[in-house]
Amino acid sequence: MTLVSEDDINAYWEDGAVCLAGAFGADWLAVLAAGIQRNLDNPGWQSRVYTRDRGPAAGFFFGDAGVWRDIPEYEDFLFDSPAAGIAGALTGAAEINIFFDGCFVRAAHTPSRTPWHQDVPYWPIEGDHMCSIWVPLDPVPRAGSVEFVRGSHRWGKVYKPKSFFKSKEDYDFRGGGLEAMPEFEALGDRYDLIGWEMAPGDALCFHGHVIHGAAGNETGIERRTFQARFSGDGMTYALRDGEMHPTFPDCGLAHGDPIGGPAFPPVWRRGAGLLGRGAIPGGDEPGSSSSGKRRVGARAHARPA
C-alpha cells in the first residue's frame, strides 16, 4: 500500500491536489480494466457520450457515474483497495464513506476537453472532506493531464458549473450570486497551474472545491480513467437550485442530512482500516425524499488543526 506522507497531506490541503506515484499495482489495474469494459458494455442510466451529445464531436468520450452496485470490479476496488485509506489519510477524516464511482474513456485522437470546474457544485453534497482519487489505466502525458489552479479550493468561492456538452456555456443553475468560471488556460500567467505526467496506477488525489480542467486526448492510444469519490467527516446531502450530475433520487436523504446509509456506505475508519461489506447499513431499501431546495453558500477550506 502507498504510504501517504506528511508532505502529501500538506500538498493536498495547500495546493488542492497531489499525485501519488505507483499507488495501485497491476492486479488492481486489471480489476479496473475489466470493470471499465463491463461498464462500456452495460452503461448506467446516467452515462454520457460527450462526443455524441456535444453535437457531434470528433473521437469518442464516454463517462459514467454511480454504478458500483452493478459493476463488481468497481465495488471490489472501492471496498478492498488502498483508495479509501488514502482518502482518509489525506483528509484527516475519522471515517470515509463511498459517495460514488466514475469512469472516463477517451479514444485516441479525441480533442474534446474537460472544462474548468469545481466538482462539488455539480453534486448533491457539501462539506470540506470530499476527496476524489483519479486513477489512469493508460499513460497520461503532462500536456493532456488534469490541471489544477493551485490553492483555488481556499479562495472561498463557488463558481457557476460549466456545461460538459456545450463549449463555454454554464449549467442550468438557477442559484443566484455565483461568479462565472474564468477561462484559466487563457490566464495561465496570472495563476499557478499544476499537473503531472502520469503512469498507469498513479493516483491523482484532489479536493472537491479545487478548480481543475483537462485537455483532450491528442495521443494515439486510448485513455481510460477510474474515479473513486469519497466523503469524509461532516459531509451533508445538498439539494441545489439547478442541474446536478450525478443524482441519487433513491438515496433516502433529505437536504442537510449527513452522508451515509445504504446508498453511501462507510468503507474505512481511522484505527480500524477497511470495514468490508458488512458495514453497509441494513434496513429497508432507500426511498426517495424531498425537501425545500436552497443554494449552498461558499466558504474557505483549510486543513483541520
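Predicted model: local features only at pLDDT ≥ 70, side-chain atom pairs only at ≥ 80, totals over all residues.
**Exercise 1.** Work out what span helix H2 should have from its 16 residues, and check it against the end C-alpha atoms.

*Solution.* Start with the residue count: H2 runs over residues 26-41, which makes 16 residues. At 1.5 Å a residue, the helix should span 22 Å. Now look at the ends: the end C-alpha atoms sit 23 Å apart, so the two values agree.

**Exercise 2.** Which residues of H2 are buried, and what do they pack against?

*Solution.* First, pick out the buried ones: Leu29, Leu32, Gly35, Ile36 and Asn39. They cover an arc of only 125° around the axis, so they lie on the same side of H2. Finally, list the packing partners of the buried residues: strands E3, E4, E7 and E12, plus helix H4.

**Exercise 3.** Find the salt-bridge partner of Asp76, and say whether Asp76 is buried, partly exposed or exposed.

*Solution.* Asp76 pairs with Arg277, and their closest N and O atoms are 2.8 Å apart. The pair links distant parts of the chain, since Asp76 is in helix H4 and Arg277 in the segment after strand E15, 201 residues apart. Zoom out and you get a salt-bridge network linking Glu75, Asp76, Asp80 and Arg277.

Terms used: Residues numbered from 1 in each chain as written. Heavy atoms only, no water. Helix = DSSP H or I, 4+ residues; strand = E, 2+ residues; numbered from the N terminus. Expected span 1.5 Å × (residues − 1). Buried < 20%, exposed > 50% of the residue type's maximum accessible area, 1.4 Å probe, protein only. Arc of directions from axis to C-beta. Contact = heavy atoms within 4.5 Å. Salt bridge = Lys/Arg side-chain N within 4 Å of Asp/Glu carboxyl O.
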